[in-house]
Amino acid sequence: MFRRGKGIELKSVGEIEAMRAAGLVVASALAAVSAKAEPGVSTGELDEVAEQVIRDAGAVPSFQGYHGFPASICASVNEKVVHGIPSKSEVLADGDLLSVDCGAILEGWHGDSAVTLSIGAVSERDQALSDATRQAMWAGLQRAQAGAHLTDISHAVQTAAQAAGKSDGIDYGIIAEYGGHGIGTEMHMEPFLPNLGKPGRGPKLRVGMALAVEPMLTLGSVDTVELDDEWTVVTFDGSRAAHWEHTVAITEDGPWVLTAPEQ
């Protein structure tokens, strides 16, 4: 059974391995969605693909029914930042930027991951945005080390995003109100993990903790608006957004990215 360290769930080696199994289900679902996503395909069809992969693996979609969410993935197109509801009427077009967030529960353990997909031929700025977000995520994952503080991850995400922006000549917006989280026997657990901030703050990271690291960057404003469906979050100024996420465990040997097949 898990222990709790100052309100944060700690897992045994065996429990982390069980989370890895859930993480690989999520990775397989996202791989199937990525292979299917192209102009002319609806986000509703992509949702069906993900659900089928998850259920075929003997797992359950984490998102379906979560606080009433009606689907197995979040599909956020262009100015949608997170929590977009997939639909058969939302058909992807050449040049779209699609962020897909997916979660699965296997034997009581959660995996959670997100990718941003380029649909057809996207603009250089949109591709740079996605690449910068992915780089920021990996910078944060690398700081998931025992003995570090929570905001060391936040600061690494922020620093990498800003460095990419300087290199690309683009002032990326870093979304502050949404961020990463603890994960394990539930999808969203303590602690909340900001995507920016000063290092050396927050709880000290310990072996057995697991976190979802998930930066969201935009090509414009950092302000967001929630639509009337009470789920979909869009950029205030209509600028495009990207979202990348992995679940990582803190182990004796360093970070173990549980939702990355190659780890």
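**Figure 1. Arg134 lies over the face of Trp244.** The distance from Arg134 to the ring centre of Trp244 is 5.5 Å. This view, like those that follow, is drawn from a predicted model.

**Figure 2. The aromatic pair of the structure is formed by Phe69 and Trp231.** The structure holds 1 aromatic pair. The ring centres of Phe69 and Trp231 are 5.0 Å apart and the ring planes stand at 80 degrees, so the arrangement is edge-to-face. Distant parts of the chain are linked by this pair, whose members are 162 residues apart. Phe69 belongs to the loop between strand E3 (60–61) and strand E4 (73–77), and Trp231 to the loop between strand E13 (224–226) and strand E14 (233–235). Phe69 has a relative accessible area of 3% and is therefore buried, the limit for that class being under 20%.

**Figure 3. The largest pocket has a volume of about 320 Å³.** Its lining comprises 20 residues, of which His83, Asp101, His181, His188 and Glu214 are the closest to the pocket centre. Strand E9 (180–182) and strand E10 each contribute at least two residues to the lining of this pocket. By class, the lining of the largest pocket consists of 11 nonpolar, 6 polar and 3 charged residues.

**Figure 4. The largest cavity has a volume of about 30 Å³.** A search of the whole structure returns 1 cavity of 30 Å³ or more. The residues lining the largest cavity are Ile8, Glu9, Lys11, Gly182, Ile183, Met189, Glu190, Pro191 and Ala210. Strand E2 (8–10) and strand E10 (189–193) are the elements that give two or more residues to this lining. Strand E10 supplies the largest share, with 3 residues. The lining of the largest cavity divides into 5 nonpolar, 1 polar and 3 charged residues.

**Figure 5. Ile175 is a buried residue in the loop between strand E8 (173–174) and strand E9.** The relative accessible area of Ile175 is 0%; Ile175 is therefore classed as buried, for which the limit is under 20%. Setting aside neighbours within four places in sequence, Ile175 is in contact with Val81, Asn195, Met216, Thr218, Ser221, Val222 and Thr224. Ile175 and Leu196 are separated by 21 residues in sequence and by 8.5 Å in space, C-alpha to C-alpha.

**Figure 6. Gln158 is a buried residue of helix H4.** Helix H4 spans residues 150–168. The relative accessible area of Gln158 is 16%, and Gln158 therefore falls in the buried class, which is defined by values under 20%. When residues up to four places away in sequence are not counted, Gln158 touches Ile174, Asn195, Leu196 and Gly197. Asn195, among these partners of Gln158, is also listed among the contacts of Ile175.

**Figure 7. Gly202 is a partly exposed residue in the loop between strand E10 and strand E11 (210–213).** Not counting residues up to four places away in sequence, Gly202 touches His149 and Leu150. Between Gly202 and Leu10 the separation is 192 residues in sequence and 16 Å in space, C-alpha to C-alpha.

How values were computed:
Residues are numbered from 1 along each chain as its sequence is written. This is a predicted model: local features need pLDDT of at least 70, side-chain atom pairs count only at pLDDT 80 or more; totals for chains, interfaces and linings use all residues. Side-chain values use heavy atoms; hydrogens and water are left out. On a 1 Å grid over the protein atoms alone, a cavity is a set of points where a 1.4 Å probe fits but cannot get out, and a pocket is an open set with protein on both sides within 12 Å along at least five of seven lines; lining residues have an atom within 4 Å of a point. Grid points are joined across faces, edges and corners, and a volume is the space filled by probe spheres set on the points. Helices (H or I, at least four residues) and strands (E, at least two) are DSSP runs, numbered from the N terminus. Ala, Val, Leu, Ile, Met, Phe, Trp, Tyr, Cys and Pro count as nonpolar, Asp, Glu, Lys and Arg as charged, and the others, Gly among them, as polar. Rings of Phe, Tyr and Trp (its six-membered ring) pair if their centres lie within 6.5 Å; planes under 30 degrees apart count as stacked, over 60 as edge-to-face and the rest as tilted. Buried means under 20% relative accessible area, exposed over 50%, partly exposed in between (1.4 Å probe, protein chains only). A charge sits over a ring if NZ of Lys or CZ of Arg is within 6 Å of the ring centre and within 35 degrees of the ring normal. Contact means heavy atoms within 4.5 Å.
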